[in-house]
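Subject: Structure handover

Hello,

Here is the structure I promised to pass on.

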Amino acid sequence: MSEAALADAPSACTEILACRGCGGGSLASVFDLGRMPLSDGFTAEAVRPDPTWPLEVVSCAECGLAQLRHTVAPEVLFAEDYPYFSSVSATVVENAARNVAEAVVRFRPPAGALAVELASNDGYLLRHAAAAGLSVLGIDPAPGPVRVAREAGIETVHAFFTEPLAQRLAAEGRRAALVFANNVLAHVADTRGFVRGIRHILAPDGTAIIEVPYLRDLIDHVEFDTIYHEHLCYFSLRALAALFAREGLALNDAQRIPIHGGSLRLFVQHAPAPSARLTALLAQERAEGLDRPAAFRGLADRVAQLRQDLRALLDRLKAEGARIGGYGAAAKGTILLNHFGIGRRDLIWVADRNQHKHGLFVPGVKLPIVPVERIAEDRPTHLLLLPWNHRAEIVRQQAAFVAAGGRFILPIPQPVLVES
């Protein structure tokens, strides 16, 4: 069924009645973006309005988990034309390479041991695991990235990772010394079933290494544009520790890393052995109240001020004769552009390296997506940097634009003009 058809189906979007992490029924609204199009819902339709769904964050009074009140069906989110390919981003690939290298040194899996990645996309991480002498297995629901991974020689199961799938793989003797799950736990509607699946597929002495965006960074740096329908949960460490413990696993260590605007790398095992680093981070969260609804207090006002400041900057530049393009048709860009009302009167187009997005339009605001070569051809004076979390990588790639006098507009956490 197409996205447009599913938009009218009762199952397309459902409201949760209990917490995704603990099952508690006390959910307080803490931040509401109203109705938004799907962040990755790029289509070739230039005029017809895109479907929209509610985008509201609620906080569980019992375990502190921040989460979306509504769930859009995964068949809509991860359809045949799902456009995200991890290997397009050098930052993502470099982070994956470091992750694998550090895991091999720290946990010393024997040669040929199984490494599994959940939501393995185009095999961007498992290529490094294979090069390190591990056997590899990817699991991913998106047909396009799965095709690319298989072409690269990465064995990949085309499916959503679920507890029954994990049980079947375990029964076949496929239990992993290392389980990688980067930026996927937040995407899963059955959060507890997903964690139980990890428990089944993880070898008795194995380690699951899981990366999630960190709620602390979202709030501290006004990263409201990382709230979108694919991201169902926004994690504090307290909520994560409770989630894993409830499903028979132990969160034993956590490392803060810069990717995606600020994330946590979690180390999960069967037996509890909490590190001093984890204990300190949990104590800091408790002291600052990160896991309570009050943590979101003031975020809406800060976002409103950010909108006013960015719109004022764009209007001033346009009045001075600037020609402004967007850079990076990122999921977060869809949310920022739509919530701030930035469209064709503000930007000439959005340039992107991902060829699968060329010729399509940003959902909602209907800005055309063009190849990056158009930057040199059309010579905009400024580029609004939508995937601001990849700033360093993009500025390096666009050295010619900067050398010609071009300036980037960095929108988060405060609109500024940058050259490097």
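The notes below cover salt bridges first, then strands and sheets.

This is a predicted model, in which local features need pLDDT of at least 70, side-chain atom pairs count only at pLDDT 80 or more, and totals for chains, interfaces and linings use all residues. Residues are numbered from 1 along each chain as its sequence is written, and side-chain values use heavy atoms, with hydrogens and water left out.

**Salt bridges**

The whole structure holds 22 salt bridges. The term means a side-chain nitrogen of Lys or Arg within 4 Å of a carboxyl oxygen of Asp or Glu.

Start with Glu247 and Arg196. Their closest N and O atoms are 3.1 Å apart. Helices (H or I, at least four residues) and strands (E, at least two) are DSSP runs, numbered from the N terminus. Glu247 is buried, at 5% relative accessible area. Arg196 is partly exposed, at 22%. Here buried means under 20% relative accessible area, exposed means over 50%, and partly exposed lies in between (1.4 Å probe, protein chains only).

Next, helix α11 (residues 299-319). Asp315 and Arg311 both lie there, four residues apart, or about one turn of the helix. Their salt bridge has its closest N and O atoms 3.5 Å apart. Asp315 is partly exposed, with a relative accessible area of 38%. Arg311 is buried, at 8%.

Helix α13 (residues 373-378) holds another pair four residues apart, Arg374 and Asp378. Their side chains meet in a salt bridge at 2.9 Å, N to O. Both ends are partly exposed: Arg374 at 29%, Asp378 at 23%.

There is also a network. Salt bridges that share partners join Glu163, Arg192, Arg196 and Glu247.

**The open sheet**

Four strands form an open sheet in the order β2-β3-β4-β11, and the pairing is antiparallel. Two strands count as paired if DSSP finds at least two bridges between them. Which strands sit at the edges? They are β2 (27-37) and β11 (233-234), each pairing on one side only. Two bridges join β11 to strand β4 (residues 66-68). In one of these strands, β11, Tyr234 is the bridge partner of Ala66.

Helix α12 (residues 331-340) packs on this sheet and touches β2 and β3 (52-60). Contact means heavy atoms within 4.5 Å. The direction of α12 makes about 85 degrees with that of β2. Axes are lines fitted to C-alpha atoms, for helices over the stretch in contact, and angles run from 0 to 180 degrees between N-to-C directions.

**Strand β17**

In a regular strand the side chains alternate between the two faces of the sheet. Strand β17 (residues 382-385) has His382 and Leu384 pointing one way, and Leu383 and Leu385 the other. All four of these residues are buried.

What does β17 pair with? Strand β14 (residues 324-327) pairs with β17 in the parallel sense over four bridges. Strand β18 (residues 407-410) also pairs with β17 in the parallel sense, over three bridges. Leu384 figures in both pairings: Leu384 is the bridge partner of Gly326, and Leu384 stands opposite Ile409 in β18.

Best wishes
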